[in-house]
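Please keep the sequence and the model in view while reading.

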Amino acid sequence: MAGLNLFTNNAATTLASGITNVATTLTVATGTGAIFPTLTGSQYFYCTLANNSGTVEIVKVTARSTDTFTIVRAQDGTSAVSWNAGDKCELRLNRVDLLNFPQLDSTNTFSTDQTFTTAPILSALTGIVY
């Protein structure tokens, strides 16, 4: 997946107005967009939209201009639905976020070169540390 997935702590707000199931932007409550990450280039973050009926949709936010988010709908196995003003918009840790992280004791495939600020410590099957 191209780009850098950004996070922030405790970013939660509500929709300022409703959106249809095909909308590609959403607006959050006035002044609350600033609690979400600032995006540049190919950076993005995921938001969970939720209502009191238990309906949930995960959207990929690809741009943020103050309180307006540009979104890609129906992420991580969810479906695009219509939302009302006052419904929740929260930056939650989702499955799709966690799948982007390499895991120890697993075969990890990287689509781009990885850069380390210090030399990584690698251990061979013999237990020798290089």
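Strand 4 (residues 56-65) and strand 5 are joined in the antiparallel sense by 6 bridges. Strands here are DSSP runs of E of at least two residues, helices are runs of H or I of at least four, and both are numbered from the N terminus; two strands count as paired if DSSP finds at least two bridges between them. This is a predicted model, in which local features need pLDDT of at least 70 and side-chain atom pairs count only at pLDDT 80 or more, while totals for chains, interfaces and linings use all residues. Residues are numbered from 1 along each chain as its sequence is written, and side-chain values use heavy atoms, with hydrogens and water left out.

On its other pairing, strand 5 meets strand 2 (residues 25-27) in the antiparallel sense over 3 bridges. Here the bridge partner of Leu26 is again Phe69 of strand 5.

Strand 4 is also joined to strand 3 by 6 bridges, and these two strands run antiparallel. Thr48 stands opposite Ile58 of strand 4. The hairpin of strands 3 and 4 has 5 residues between the strands, and Gly54 takes a positive phi near 95° in it.

For the chain as a whole, the secondary structure comes to 1 helix and 6 strands, and from the N terminus the elements run β-β-β-β-β-β-α. Of the 130 residues in the chain, 33% are buried, where buried means under 20% relative accessible area, exposed over 50% and partly exposed in between (1.4 Å probe, protein chains only). Among contacts (heavy atoms within 4.5 Å) between residues at least 6 apart in sequence, 62% join residues at least 24 apart.

The rings come next. A search of the whole structure finds 4 aromatic pairs. Rings of Phe, Tyr and Trp (its six-membered ring) pair if their centres lie within 6.5 Å; planes under 30 degrees apart count as stacked, over 60 as edge-to-face and the rest as tilted. The rings of Tyr44 and Tyr46 have centres 5.5 Å apart and planes at 80°, so this pair is edge-to-face. Both Tyr44 and Tyr46 are buried. The rings of Phe45 and Phe69, with centres 5.8 Å apart and planes at 85°, are likewise edge-to-face. This pair links distant parts of the chain, since Phe45 lies in strand 3 (residues 45-50) and Phe69 in strand 5, 24 residues apart. Phe45 and Phe69 are both buried, and together with Phe36 they form one aromatic cluster. The charged end of Lys60 sits over the ring of Tyr44, 4.4 Å from its centre; this description requires NZ of Lys or CZ of Arg within 6 Å of the ring centre and within 35 degrees of the ring normal.

Finally, Asp76 is found in the loop between strand 5 (68-75) and strand 6 (88-90). A polar contact of 2.7 Å joins its side chain to that of Arg95. Such a contact is a pair of N or O atoms within 3.5 Å; within protein, one must be able to donate a hydrogen and the other to accept it, and residues adjacent in sequence count only if both atoms are side-chain atoms. A polar atom of the Asp76 side chain also lies 3.1 Å from the backbone nitrogen of Val96. Apart from neighbours within four places in sequence, Asp76 is in contact with Ile58, Asn94, Arg95 and Val96.
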